Amino acid sequence: MAEIHPTAIIDSTAELAEDVKIGPYCVVGPHVKLGKGCVLHSHVVLEGPSTFGEGNEFFPFAVIGLKSQDLKYRGEPTFLEVGDYNVFRENCNINRSTSPETKTIIGSHNHFLINSHCGHECVVGNHCILSGYAGVAGHCHIGDWAIVSGFAALHQFVRVGEHSMVGGCARVSQDVPPFMIVEGSPAAVRAVNSIGMQRRGFSDEDVRAIKFAYRKLFLQKGCNVQEAVQTILQDEKYGKNARVEQLLRFLRESERGYTH
């Protein structure tokens, strides 16, 4: 049976798994669905339509699933979908989508630290970290294992590639290539996230291949992007490396342009 503190307010349309724990002064609004093992410590506000998978943990004053802050929103039902085993720390804020045809989507095993924010229609992968006060505007996509450091700000529609890191206080207005570290205002590529890759179990060969591509794409002066890409693809040792192909595919698909 769910453990619900007597001061908590639970809407009659909310669906709670049997072992959910809801602490003092929490509010679970209409059409919220909470999976097994979810814990709301205290003063948490959840609104819907929103679905949360198993094992999600909400700390005091997290506000998740409220209506979009987009001025185009007109009050129609919109959606938030959250996976499993995410941690939402104090004052974290995530909004539902603006359009009924889309969703704000959060994957699994993510950490949203104090005062971090994800806007409408954001898509966050798995094992990501948004550090304290990180601000992610609407329609952004954040790939698996990415880290957005404290006070960083992402412009609308920015994509952050897998296994990348956005440095503290960075101002990001273009896509962040996978496997890279970007920082600054405006953000620029500073290095390969080699330590992150090693921690994730990438081989030394993959790390060397990404470093090779990094040198050609971001450090070589007097060479345009097309020439750099051709040089990479023609390299016998690294041109067919799967991680390099992943990096180049991300750059080809960029619509906003990518951080250099």
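Which residue caps the N-terminal end of H4? Asn241 does, with a side-chain oxygen 2.8 Å from the backbone nitrogen of Arg243; a polar contact is a pair of N or O atoms within 3.5 Å, where within protein one atom must be able to donate a hydrogen and the other to accept it, and residues adjacent in sequence count only if both atoms are side-chain atoms. The model is predicted, and local features need pLDDT of at least 70, side-chain atom pairs count only at pLDDT 80 or more, and totals for chains, interfaces and linings use all residues. Residues are numbered from 1 along each chain as its sequence is written, and side-chain values use heavy atoms, with hydrogens and water left out.

Helices (H or I, at least four residues) and strands (E, at least two) are DSSP runs, numbered from the N terminus. Helix H4 covers residues 242–253, and its end C-alpha atoms are 16 Å apart, in agreement with the 16 Å that its 12 residues should span at 1.5 Å a residue. The expected span of a helix is 1.5 Å times one less than its number of residues. Val244, Gln246, Leu247, Leu248, Phe250 and Leu251 of H4 are buried, where buried means under 20% relative accessible area, exposed over 50%, and partly exposed in between (1.4 Å probe, protein chains only). These buried residues pack against strands E24 (159–160) and E27 (180–183) and against helices H2 (204–219) and H3 (225–234); contact means heavy atoms within 4.5 Å. The charged end of Arg159 sits over the ring of Phe250, 3.9 Å from its centre. Such a placement requires NZ of Lys or CZ of Arg within 6 Å of the ring centre and within 35 degrees of the ring normal.

Helix H2 has 16 residues and reaches 21 Å from its first C-alpha to its last, close to the expected 22 Å. Its buried residues include Asp206, Ile210, Phe212, Tyr214 and Phe218. The buried residues of H2 pack against E27, strand E28 (188–192), helix H1 (194–199), H3 and H4.

An open sheet of 9 strands runs in the order E2-E5-E8-E11-E14-E17-E20-E23-E26, with parallel pairing. Strands E2 (9–10) and E26 (171–172) stand at the edges with a single partner strand each, so one side of each has no neighbour in the sheet. Two strands pair if DSSP finds at least two bridges between them. Strand E11 (residues 63–66) and strand E14 (residues 93–95) pair in the parallel sense over 3 bridges, and Ile64 stands opposite Ile94 in E14.

Rings of Phe, Tyr and Trp (its six-membered ring) pair if their centres lie within 6.5 Å, with planes under 30 degrees apart counted as stacked, over 60 as edge-to-face and the rest as tilted. The count comes to 8 aromatic pairs. The rings of Phe52 and Phe58 have centres 5.4 Å apart and planes at 85°, so this pair is edge-to-face. Phe52 is buried at 4% relative accessibility, and Phe58 is buried at 0%. Phe88 and Phe112 form a stacked pair, 5.3 Å centre to centre with 10° between the planes. Phe88 lies in strand E13 (residues 87–88) and Phe112 in strand E16 (residues 111–112), so the pair ties together parts 24 residues apart in sequence. Ring pairs link Phe52, Phe58, Phe88 and Phe112 into a cluster.
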